[in-house]
Amino acid sequence: MLINEKVIPEKQLAAEVACDYIKDGMIVGLGTGTSAEFAVRKLGKLVREGLSIRGIPTSYRTKKLAEAEGIPLIDFSESMFIDITIDGADEIDENLNMIKGGGAALLKEKIVASVSRKEIIVGSKTKMVDHLGSFPLPVEVITFGWQVVFNQLESLQGNPDLRLNNGQPLVTDQGNYIVDCHFKKISNPKLLENQINMIPGVVENGLFINLCTKMILADEEKLIIKERKTR
Ligand code: 5RP
């Protein structure tokens, strides 16, 4: 998109528009991923210009970036709620349900989303889908007995893969593994979310149902904004 003769990446534009909703005194959830990072950088700039906020990061990576940007950080010992979280998504459907966790931060992202009064999802229009499931659904599992969980996910027709990093199992911020499931088309996201979370050893999965309150996506020409009235 051309803004003042300068090409702004779509996800940056969406992220910076979302930052307009952040006001003095707010507690802000800081998402993870390339789209959310644009918001963290913009908030850092606003903080240096005088905006007074406190952030709760959703990953070690975001924590480091927020610290470098000079955003004051807190944890849940200081507040049990968050005013607004700005985060990205791997897929989002017309009901604003999502798959998240491509960046392996789904557990903290879901905790943060669950206590956020507003959860603004930003990114490029390519994240919009008719049905969730083309993007592999991440499931965070404890390392003990991960093979047992893997087997159960196979029984659910999840075609699971253990996520690797340089040939070794990827280890999350919490010391767990990620199993990516290829459901292709998820017809009942809420049911599947519950079924997966019932498997002993599953910590959380990347289906985010009824958590997004506003979606701000951008394509080459326009912003696509959609809001949920009730949660
Ligand atoms: C990290 C996430 C990210 O929000 C998701 O992967 C989208 O990332 P990006 O903005 O880089 O496309 O869920 O766990």
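# Close-up views of the predicted model

**N159 is partly exposed, its relative accessible area being 47%.** The structure shown in this and the following views is a predicted model. N159 belongs to the loop that runs between α5 (146-155) and β10 (161-162). The backbone at N159 has a phi value near 40 degrees, which is positive although the residue is not a glycine.

**L96 has a positive phi in a residue other than glycine.** The phi value of L96 is near 65 degrees. L96 is located in the loop between β6 (91-92) and β7 (98-99). With a relative accessible area of 2%, L96 is buried. It therefore falls under the 20% limit that marks a buried residue.

Domain 1 comprises residues 2-129 together with 210-227, and domain 2 comprises residues 137-203. Taken over C-alpha atoms, the centres of domain 1 and domain 2 lie 25 Å apart. Twelve residues on the side of domain 1 are in contact with 13 residues of domain 2.

**Salt bridges and polar contacts link the two domains.** Two salt bridges are counted between domain 1 and domain 2. K108 and D173 form a salt bridge in which the closest N and O atoms are 3.3 Å apart. Five residue pairs, both members at pLDDT 80 or more, are in polar contact across the interface of domain 1 and domain 2. On the side of domain 1 that touches domain 2, helix α4 (residues 106-114) contributes the most, with four residues. By class, that side of domain 1 consists of five nonpolar, four polar and three charged residues.

**R163 is a buried residue in the loop between β10 and β11 (164-165).** The relative accessibility of R163 is 13%, so R163 lies under the 20% limit for a buried residue. Which backbone oxygens does the side chain of R163 reach? The side chain of R163 reaches the backbone oxygen of G101 at 3.1 Å and the backbone oxygen of G102 at 3.0 Å. Leaving aside residues up to four places away in sequence, R163 touches G101, G102, G103, A104, P138, Q168, P169, L170, I178 and D180. One of these contacts, I178, is 15 residues from R163 in sequence. The C-alpha atoms of R163 and I178 are 5.5 Å apart in space.

The side chains of E204 and N197 are joined by a polar contact of 2.8 Å. Residues up to four places away in sequence being excluded, E204 touches L106, L107, K110, V139, E140 and N197. Among these, L106, L107 and K110 fall within the residue range 2-129 of domain 1, while V139, E140 and N197 fall within the range 137-203 of domain 2.

**R117 is exposed in strand β8 (residues 116-124).** Is R117 buried or exposed? R117 counts as exposed because its relative accessibility of 52% is over the 50% limit. A polar contact of 3.3 Å joins the side chain of R117 to that of D83. Apart from residues up to four places away in sequence, R117 touches F81, I82, D83, T213 and R231. R117 and C212 are separated by 95 residues in sequence. In space, the C-alpha atoms of R117 and C212 are 9.9 Å apart.

**S35 is buried in helix α2 (residues 34-48).** The relative accessibility of S35 is 5%, and this value under 20% is why S35 counts as buried. Which residues does S35 touch, not counting residues up to four places away in sequence? They are K11, A15, V122 and G123. V122 and G123 fall within strand β8 (residues 116-124), the strand that also holds R117.

Technical notes:
Residues are numbered from 1 along each chain as its sequence is written. This is a predicted model: local features need pLDDT of at least 70, side-chain atom pairs count only at pLDDT 80 or more; totals for chains, interfaces and linings use all residues. Side-chain values use heavy atoms; hydrogens and water are left out. Domain bounds come from an automatic or database domain assignment. Contact means heavy atoms within 4.5 Å. A salt bridge is a side-chain nitrogen of Lys or Arg within 4 Å of a carboxyl oxygen of Asp or Glu. A polar contact is a pair of N or O atoms within 3.5 Å; within protein, one must be able to donate a hydrogen and the other to accept it, and residues adjacent in sequence count only if both atoms are side-chain atoms. Helices (H or I, at least four residues) and strands (E, at least two) are DSSP runs, numbered from the N terminus. Ala, Val, Leu, Ile, Met, Phe, Trp, Tyr, Cys and Pro count as nonpolar, Asp, Glu, Lys and Arg as charged, and the others, Gly among them, as polar. Buried means under 20% relative accessible area, exposed over 50%, partly exposed in between (1.4 Å probe, protein chains only).
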